[in-house]
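Okay, thanks everyone for coming.

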2 protein chains.
Amino acid sequence: RQSLDNKVYRVARKIKKVGQDDPRRIVHGLKVGLAITLASLLLFYIEPFNKLFHQGQNGIWAIMTIVLIFEFSVGATLGKGLNRMAATSLAAALGVGIHNIAFRSTRNNNAGQAVVIGFFVFTTGAICTFMRFIPALKPYDYGLMIFILTFSMVSVSSYGPEDFETVVRDRILSIIIGSVIAIVVCICICPVWNGEDLQNLIAKNIEKLGNFLEGFKGEYFHKGEYFPNSEDGQSLDNKPFLKGYKSVLTSKSSEETMANLARWEWQYRFGFKHPWKQYVKVGALTRECAYKIEALNSYFNFEFQAPYEFRSKIQGQCTQICSETGKALKELASAVKTMTKPTSVNIHIEKSKVASLKLKLLLDMILLEDYNLREITPPAAVALILIDVVPCIEKIANAVHE
Amino acid sequence: RQSLDNKVYRVARKIKKVGQDDPRRIVHGLKVGLAITLASLLLFYIEPFNKLFHQGQNGIWAIMTIVLIFEFSVGATLGKGLNRMAATSLAAALGVGIHNIAFRSTRNNNAGQAVVIGFFVFTTGAICTFMRFIPALKPYDYGLMIFILTFSMVSVSSYGPEDFETVVRDRILSIIIGSVIAIVVCICICPVWNGEDLQNLIAKNIEKLGNFLEGFKGEYFHKGEYFPNSEDGQSLDNKPFLKGYKSVLTSKSSEETMANLARWEWQYRFGFKHPWKQYVKVGALTRECAYKIEALNSYFNFEFQAPYEFRSKIQGQCTQICSETGKALKELASAVKTMTKPTSVNIHIEKSKVASLKLKLLLDMILLEDYNLREITPPAAVALILIDVVPCIEKIANAVHE
């Protein structure tokens, strides 16, 4: 019994965490509930609408539409809603057309009608399904699916009741009402803008790199002995800033999804000349930089130690580069977040460039007689990577400036 | 006119390419068309079924179900189909129950019924929508959506016609028939198994790393002068094996999606004790290794040259490591692909271990008096990374053996 209690408690805590991680999720749930309830009240209990839809239960299509298109972010909801409305109308018109052709050409010949309608349903289904694989049509993927759906439903049900054109019209109306309710609720109550989320994600990723570089300085070039335990005796695993950048390495697909969805949010489109491609570019450059940082990180794991005397020679310039690039990245992050022009980024980058030049000269001058190559290569490689990180960050800065 | 022709031609070529890249896409289109046509013929023109569904047009729910659940791979289709059937039945039963409560407790009181039903619809919608964010429920995401959909539709339409329980029963039957047709067509005609695709992806990724290492050997340690042009005068950009590994860096999300979908494919489940987690693990290790290779690759870009005399000292062991690890990876790739035990992988790994030991000794012995640190660091770092790659590949091999 105790263990069951324990289990229930743990599950409850997990669920609570889902809400705490992003309270907008709870709001989203309430919004969906509200939209469905609104639609059902409107369509079933309020005067002009319930007459329109009561017959043949066409009103349930509004509820179905809301559940299917109501997504977490405004971009996704708008994309699906617009796709749904356009595809439904188009497909229904076409379906009615096909019905007329089939009906006229094969009057009173049931088998003939079945063949004609079957042929059109098959070809439309096959062609549209194939079209969903074309990359250029990705934003209209949902529309294509709805097109197949509506077209086959309309053509097939045309074989049904007499007043099927009224039924189709009512259903389209119902779907449009559902879409509009979903979109209005989604935008008006605590909207979640994909554009904003993307911006925050990119900013956070840049910041994580900055955190790493600033943390790296303290961890790698501290005074005492080498690893695996760091200066203050803590294991490295306990330093979150050294792990944070890992998520940047694999964030490509979520960035691209967000950028695609953000295109539907015209609020941003008109305001800032849709810089989505720019965001994706900054994200890609950030990832390039993260790979270099992964290389830096791998030098934490080398089990052999460089003599302190050697490390101390290059330490000054290396820490300089780390802290200047770290500062530059952090400022870039806040610039992306607040959409302002960064002010002192260039100063930091210039300083880190100077430091990297000095470091190069230093490396040229060090006399190697007394050293073991295997011992000194890791810190020397770290120095070279740091030199290499500087132009990388300059690229990010240039992309952000644009 | 010429430019229009040109445009049409280019679009046509792009569409053709989508089909050529993966001919299964064309087959998939045909399969969807077939399933819809089958369902419409069955439900509208063939005897026992059309009686069941003709009334109230419940048959269109079968077509809707097919379009919504028919996915490219068996895993995705099965997952959606099972989710849909289970969620629909459950939600419909619950909806009918709620209808009875509302009807009995508020007999002849329309406003009261509206409040009771509205309350249940709102809470169910809100709670289920929130539950979709819980990671553990991800495989049932589609089911939760359908649950909301069916539950609200049933509760709301219960206010409609008298025979609404028959309507609900017919619809559930219709949805089950649609699901079964979709699943049967998906599995019986040229099925696309997610498990197979995942296996191939992992194998291909391992192979790409092997290609890189074998190619790297020839490019980095050739006899003549250094870069940017390689031995045979071609630019490095034209060497596909040096770029191939890039896609491994960002393949995490597609691997995870596939592994999740593959869980629905019991063909694999019973056959091989569902090693999906193992695949994801091998994939993650492969990516770890790819990051190291990204670090290796960055040394192509160093503009300063190591003296040939220095490089030639470490060249022998480095090329040995490259070719042995490359061979090991290629064999691992084919082992993953064909599900056989690799035979000579361990020999290659042992050989590369020996080479890496020798290389370590060599690095310890090299006298550094005449060298410039900045010049010799890149090849020395390459050597260290290669030494570091060996245990990485051993890990992959161990994971594959499991």
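Before anything else, one cut-off: when I say buried, I mean under 20% relative accessible area, exposed is over 50%, and partly exposed is what falls in between. Take B:Ala284, which has a relative accessible area of 34%, so B:Ala284 goes down as partly exposed. And please keep in mind throughout that this is a predicted model.

While we're at B:Ala284, let me place it for you. B:Ala284 sits in helix α13 of chain B, which covers residues 276-298. Now look across to B:Cys392: along the sequence B:Ala284 and B:Cys392 are 108 residues apart, yet C-alpha to C-alpha the separation is 11 Å.

What does its secondary structure come to? Chain A has 402 residues, and 53% of them are buried. On the contact side, take the pairs in chain A that are at least 6 apart in sequence: 80% of those contacts join residues at least 24 apart. As for the surface, chain A exposes about 18,200 Å², with carbon and sulfur atoms supplying 60% of that.

Now the interface. How many residues are in contact between the two chains? It's 81 residues of chain B against 81 residues of chain A. The area buried between chain B and chain A is about 7,500 Å², and 75% of that comes from carbon and sulfur atoms. On the chain B side, the element that gives the most is helix α2, residues 24-45, with 14 residues touching chain A. If you sort that side of chain B by class, you get 52 nonpolar, 19 polar and 10 charged residues. And what about salt bridges across the interface of chain B and chain A? The rule finds 0. For polar contacts between chain B and chain A, the count is 1 residue pair, with both residues at pLDDT 80 or more.

One residue to look at here is A:Leu249. You'll find A:Leu249 in helix α10 of chain A, residues 246-249. Is A:Leu249 buried or exposed? Its relative accessibility is 1%, so A:Leu249 counts as buried. Leaving out residues up to four places away in sequence, A:Leu249 touches A:Arg287, A:Ala290, A:Tyr291 and A:Glu294 in chain A, plus B:Leu249, B:Thr250 and B:Tyr291 over in chain B.

Okay, on to the salt bridges. Over all chains the structure holds 24. Let me start with A:Asp21 and A:Lys17, whose side chains meet at 3.0 Å, N to O. Both residues lie in helix α1 of chain A, residues 2-21, and they are 4 residues apart, about one turn of the helix. A:Asp21 has 51% relative accessibility, so it counts as exposed. A:Lys17 has a relative accessible area of 47%, so that one is partly exposed.

Another pair is A:Asp170 with A:Arg169, where the closest N and O atoms are 3.1 Å apart. How covered are the two partners? A:Asp170 is at 5% relative accessibility and therefore buried, while A:Arg169 is at 47% and therefore partly exposed.

Last stop, B:Asn205. Where is it? B:Asn205 lies in helix α9 of chain B, residues 194-220. With 2% relative accessibility, B:Asn205 is buried. Which side chain does the side chain of B:Asn205 meet in a polar contact? That would be B:Ser251, at 3.4 Å. Setting aside residues up to four places away in sequence, B:Asn205 touches B:Val248, B:Ser251, B:Glu255 and B:Thr286.

That's my tour, so over to you.

Key: Residues numbered from 1 in each chain as written. Chains lettered and ligands numbered in written order. Predicted model: local features only at pLDDT ≥ 70, side-chain atom pairs only at ≥ 80, totals over all residues. Heavy atoms only, no water. Buried < 20%, exposed > 50% of the residue type's maximum accessible area, 1.4 Å probe, protein only. Contact = heavy atoms within 4.5 Å. Areas by Shrake-Rupley, 256 points an atom, 1.4 Å probe, with all protein chains shown as cover. Buried area = accessible area lost by both parts, 1.4 Å probe. Salt bridge = Lys/Arg side-chain N within 4 Å of Asp/Glu carboxyl O. Polar contact = N/O pair within 3.5 Å; in protein donor to acceptor, adjacent residues only side chain to side chain. Helix = DSSP H or I, 4+ residues; strand = E, 2+ residues; numbered from the N terminus. Nonpolar A, V, L, I, M, F, W, Y, C, P; charged D, E, K, R; others polar.
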